[in-house]
Amino acid sequence: MHELSLMEAVRDQALAAAHADGATRITAISLRIGSLAGVEPEAMRFAHTVVMAGTIAAGAELRIEIEAAECHCSACDAPFPALDGCCDCPSCGAISRQLLRGRDLRLLSLEVV
């Protein structure tokens, strides 16, 4: 379950940001997970509970936003949704070699007190 190590990285980043801000508690953590990132949101939720225990983020709400994958067609010079990882342009049928979004895992924001 690589989600555990991913959540450990999120924890480290969140705690560093909270401490730099002088926060004493993290009440919410917002993540954006790309649909092609290979990350299971439910596994991240489980890992969140385990990894945040004993920290100022224990009990923090985990908000997950899924980012749809999108490619760019060089022939049409336009973006298109990469449904199920398929990179065939729906307008002209060209295969895109440029994924614009959908593979990232990002810490979007923290709510702290």
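Visitor: Leaving aside residues up to four places away in sequence, which residues does E3 touch?

Guide: This is a predicted model, in which local features need pLDDT of at least 70, side-chain atom pairs count only at pLDDT 80 or more, and totals for chains, interfaces and linings use all residues. Residues are numbered from 1 along each chain as its sequence is written, and side-chain values use heavy atoms, with hydrogens and water left out. E3 is found in helix α1, residues 3-20, where helices (H or I, at least four residues) and strands (E, at least two) are DSSP runs numbered from the N terminus. If contact means heavy atoms within 4.5 Å, then the residues that E3 touches, not counting those up to four places away in sequence, are G38, V39, E40, A43, M44 and A47.

Visitor: How far from E3 is the nearest side chain of opposite charge?

Guide: Lys and Arg count as positive and Asp and Glu as negative, while His and the chain ends are not counted. A salt bridge is a side-chain nitrogen of Lys or Arg within 4 Å of a carboxyl oxygen of Asp or Glu, and buried means under 20% relative accessible area, exposed over 50% and partly exposed in between, with a 1.4 Å probe and protein chains only. E3 is buried yet has no salt bridge, and the nearest side chain of opposite charge, that of R45, lies at a distance of 12 Å.

Visitor: Which residues do salt bridges that share partners join into one network?

Guide: E61 forms a salt bridge with R63, their closest N and O atoms being 3.1 Å apart, and E61 is partly exposed at 42% relative accessibility, as is R63 at 31%. Another salt bridge joins R106 and D104, with the closest N and O atoms 2.6 Å apart. The residues that salt bridges with shared partners join into one network are E61, R63 and E111.

Visitor: How many residues does the second, separate core have?

Guide: In the largest core, A57 is one of the residues that touch the most other members, and, leaving aside neighbours within four places in sequence, A57 is in contact with I26, I29 and M52. The second core is separate and includes A69, C73, F80 and A82, and its number of residues is 6.

Visitor: How many disulfides does the count come to?

Guide: A disulfide is a pair of cysteine sulfur atoms within 2.5 Å. The sulfur of C89 is 3.7 Å from the closest cysteine sulfur, in C73, and is therefore too far for a bond. By this rule the count of disulfides comes to 0.

Visitor: Is D77 buried or exposed?

Guide: D77 is found in the loop between β3 (70-73) and β4 (78-81). Its phi is near 55°, a positive value in a residue other than glycine. At 59% relative accessibility, D77 counts as exposed.

Visitor: What distance separates the C-alpha atoms of V112 and R32?

Guide: V112 lies in strand β6, residues 105-112, and is partly exposed, with a relative accessible area of 31%. Not counting residues up to four places away in sequence, V112 touches A18, D21, A23, R25, I26 and T27. V112 and R32 are 80 residues apart along the chain, and the separation of their C-alpha atoms is 18 Å.

Note on methods
A nonpolar core is a set of buried Ala, Val, Leu, Ile, Met, Phe, Trp, Tyr and Cys residues joined through side-chain atoms within 4.5 Å.
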